Amino acid sequence: MPPKDQGGSDSRFFTTQKKGELHELRTELHSTDRNIKVDAVKKVIASMTVGKDVSGLFTDVLNCAQTGNIELKKLVYLYLINYAKSQPELTLLAVNTFVKDANDRNPLIRALAVRTMGCIRVDRITEYLCEPLGRALRDDDPYVRKTAAVCVAKLYDIAPELVQERGFIETLHDLISDSNPSVVANGVAALSEIAETSGRDVMKISASVLQKLLAALNECTEWGQVFILDSLAKYVPGDAREAEGIIERVTPRLQHANSAVVMSAVKVILSYMDVMAAGGGANAENIRALTRKLAPPLVTLLNSEPEIQYVALRNINLIVQKRPSILENEIKVFFCKYNDPIYVKMEKLEIIIKLVSEKNIDQVLLELKEYATEVDVDFVRKSVSAIGRCAVKLERAAERCIGVLLELIQTKVNYVVQESVIVIKDIFRRYPNRYESIIATLCDNLDTLDEPQAKASMIWIIGEYAERIDNADELLETFLETFEEEDPTVQLQLLTATVKCFLKNPEETQDMVQRVLDLATEESDNPDLRDRGFIYWRLLSTDPEAAKLVVLGDKPVIEDDTFRLEPNLLNVLVGQIATLSSIYHKPPEAFVVRAKRSPTSDVMGMDDDEEDIEGDEEEYEDENDVNNGGGGDLLDMGGLSVNDNTPASANGDGMGDLFGGGGGISAAPEARMSKVCTPEKSGGIELWAGFHQVGGAVKLELDIRNVSSNVPISNLAIQLNKNAFGFSPASQQIICNPPITMGGSGKQTVELVNNPNMLVQASAGQPASPQIQVAVKNMATGLVFYFAANFAFEALFSSDGALDRAAFIQSWKSIDDQKELFSTVSDLPPSSTDIDQVAAKFQRYNIFLIARRPVPNAVGQEVAYFSMKTTTGMIFMAELTFKKGVNAAKVCVKTEKIAFGIQAKVALETLLRSP
């Protein structure tokens, strides 16, 4: 509701008008009385603001531009900017007015004309803008020059070729040397914007330019300072001495009242501290002094409004991961206040966990214990979880953390108890066989557990320590009563815990394990639960000792994940401090989609109109062991026989009679071999397997080693289970000639062909499993053994996978951004950090280089684009980003076949890591 009209306030223009108002407005716009005309234009602007269509008055409003009154001129220009796109032809009528105003004696009108022409995004206007803009950039008045500088960036976004032709970028460089600091700041802002838009490093900072920027830093406006500081952050000093000199000039900005200036200054100092650190131990004292200077301004930011606090805390979260020593003595500042908003409290907890040490753990535990008694359930859960994370992080303090958790359990508050059980499970996994004395206390609280994660954690504890719990089987029985209604997470844990309990105490739990296996394999529709049940059943029925090794084997100790960001990603985010990236904790490419200027833009940056399609650094886990509910049962292969003339079973269940035939000989590139079967499982035979492509055909290479079998290996039969690729062996018989005697070995090749009946479709929204399950029968002994191997996806790429540039661009744009996969590959060999060598290596695997270009505003970084196509017609496109001197690369894969996207990404990562 608009405010009441008081004393001639402009709010009266927003009141509802009577019918026929357009006619009345048109009459008023043609009035000779200047006040009536100004009021009429204000009414038009008011109607436009509230969404009414007043485009019919375009020519009438345009006529009002012929005035010397700056208030009226501003209003008319505002109207023109709004309706220029819908009335481009009529907008051309205003060109003469713009050109005339650009030569006006009043600098305000000159600047207004240039700014308005830059805001009118109509191509036909731009050609008339160049002359006035060129004059404005050299105008005597600094206000006009600084307005013109911003207009260059707007013009570049509309018509970059005009900016290049007219030399406006060079003029902007000249403006950096301007005597007026506001002009310098706007020149820097315009060059930075053009650099972002074009993908080129147009902001070339030389030694002389650097000094001018530092000089302007002390005199320009606060937002001008932000632009200059952001540009300095991208500058790479020549040595530690230069970095120290720049830091000395920037340090006073840490006391600025504007938090954006403070954070930009922090960003510059942090990035230059890396340069100083690279200079050796001589700079250690200077770095320590800078560390002490950075703490007070960061602490001061926490006295601001909650919204600014949150932004500051998200940035501080990154800073303490990069340099924990900056705030190591300021942990009390991050203790939560009673009136802090929940989002501020949650962020403070994260920073407390990162700063906790053996010196302050007692303080922190007292604080966290207090938080656990508050009323906000989410905050209480986070606080209890934080106590567990402190235990995982600090081994010497783990016992004190457990003591606090036990005190919290005694409160009998439902959600506190449940969260405590969850974190105690993590403590047990971090410190196995050390704190089991508290299990009895946990068991006393079984009745209070009603959340799936808490139940699953408690069941894991019971199964893991069943031999130390007298009534472990009875405790599990209480959960089994509601097995079918439980969450899948709880069901999976119950299945595993019951099998553990059976292996530790088989006499008393045989009936229970039989019941659980029946429920999992016969009553459940969950494929994960069914598959695990079948695996346990087979293990228990065929080789209980092997089951003990698998189920009760030593498990890796979990690691402290306090500093969870990968170092390369952390460096990128620290370089983005004071931007949205530092709040989202994602690089800009992960959430910014750049506007496309034209359909013919070259995404590879081959033309002037570059479009940035850099890949995200956000890490995706390599899920190479995805369970699939395939149809065939490899565990039932006992009746295999060889019959050379009998075709494969038409029903495709993978268990038909075997083909005859032999294997071929592999060719380059070599298959990557891995051990898939040990002698203990296969009657003295050790198997190594790998996949590659030879002459367009996919081959499974086998290295067969007779370790301890007295019977020579002469004849094997092979069968594949249903898989995501539809592979089956072209011939199911493997003839070893000569036979492989004990101590000997031999290589065999099995050609794989596509069989639609063997295809398993990936579940909706889930990645296809790379795993291929194989059964082998030794025809001489009748023994059947099994193994699983992950398929090398690069073996599926065909020689016709090179897309032409236009097709690549069109395909890339047509694929939704949701179908992108990202990762960062580190510890690469030297050959994988040079694009030429990578392209040569990739081409051997039918991965083709399409184009390459430098990364804008990032010295030494370059992007390469590749395409690949599988023999089944799936197309994948990849963007790889490299940085000179860094043995890591960013990988982005884009495809419509997102179910296989992870496998294509893994293939690229594997090839990059290979020598």
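Predicted model: local features only at pLDDT ≥ 70, side-chain atom pairs only at ≥ 80, totals over all residues.

Q: OK, and how many bridges join β8 to β9?
A: There are 7 bridges between β8 and β9, which covers residues 784-790, and the two run antiparallel.

Q: What about the hairpin of β8 and β9, how many residues sit between the strands?
A: The hairpin has 5 residues between its strands, and G782 there takes a positive phi near 80°.

Q: Which strand pairs with β8 over 5 bridges?
A: That's β4, residues 713-720, and the pairing is antiparallel. As one example, K777 in β8 is the bridge partner of A717.

Q: Is β8 mostly covered or mostly open?
A: Mostly covered: of the 8 residues in β8 (771-778), 6 are buried.

Q: Switching topic: how many residues are in the largest nonpolar core?
A: It has 206 residues. Those with the most contacts inside the core are Y79, L133, L213, L232, V250, L327 and F428.

Q: Which helix gives the largest share of this core?
A: Helix α16, residues 259-278, with 11 residues.

Q: You listed F428. What is F428 in contact with?
A: Leaving aside neighbours within four places in sequence, F428 is in contact with Y435, E436, I438, I439, L442, W460, I461 and Y465.

Q: How many residues are in the other core?
A: That core, which lies apart from the largest one, has 61 residues, including F791, A792, V825 and L911.

Q: Now helices. At what angle do α26 and α28 cross?
A: At roughly 25°, with the axes of α26 (472-480) and α28 (506-523) coming within 11 Å. Angles under 35 degrees count as roughly parallel, so α26 is roughly parallel to α28.

Q: Left-handed or right-handed crossing?
A: α26 passes α28 in a left-handed crossing.

Q: Which residues meet there?
A: From α26 you get D473, L476, E477 and L480, and they meet E508, T509, M512, R515 and V516 in α28.

Technical notes: Residues numbered from 1 in each chain as written. Heavy atoms only, no water. Core = buried A, V, L, I, M, F, W, Y, C linked by side-chain atoms within 4.5 Å. Buried < 20%, exposed > 50% of the residue type's maximum accessible area, 1.4 Å probe, protein only. Helix = DSSP H or I, 4+ residues; strand = E, 2+ residues; numbered from the N terminus. Contact = heavy atoms within 4.5 Å. Pairing = 2+ DSSP bridges. Axes fitted to C-alpha atoms, helices over the stretch in contact; angles between N-to-C directions. Parallel < 35°, antiparallel > 145°, perpendicular 65-115°, else oblique. Left-handed = near helix turned anticlockwise from the far one by under 90°.
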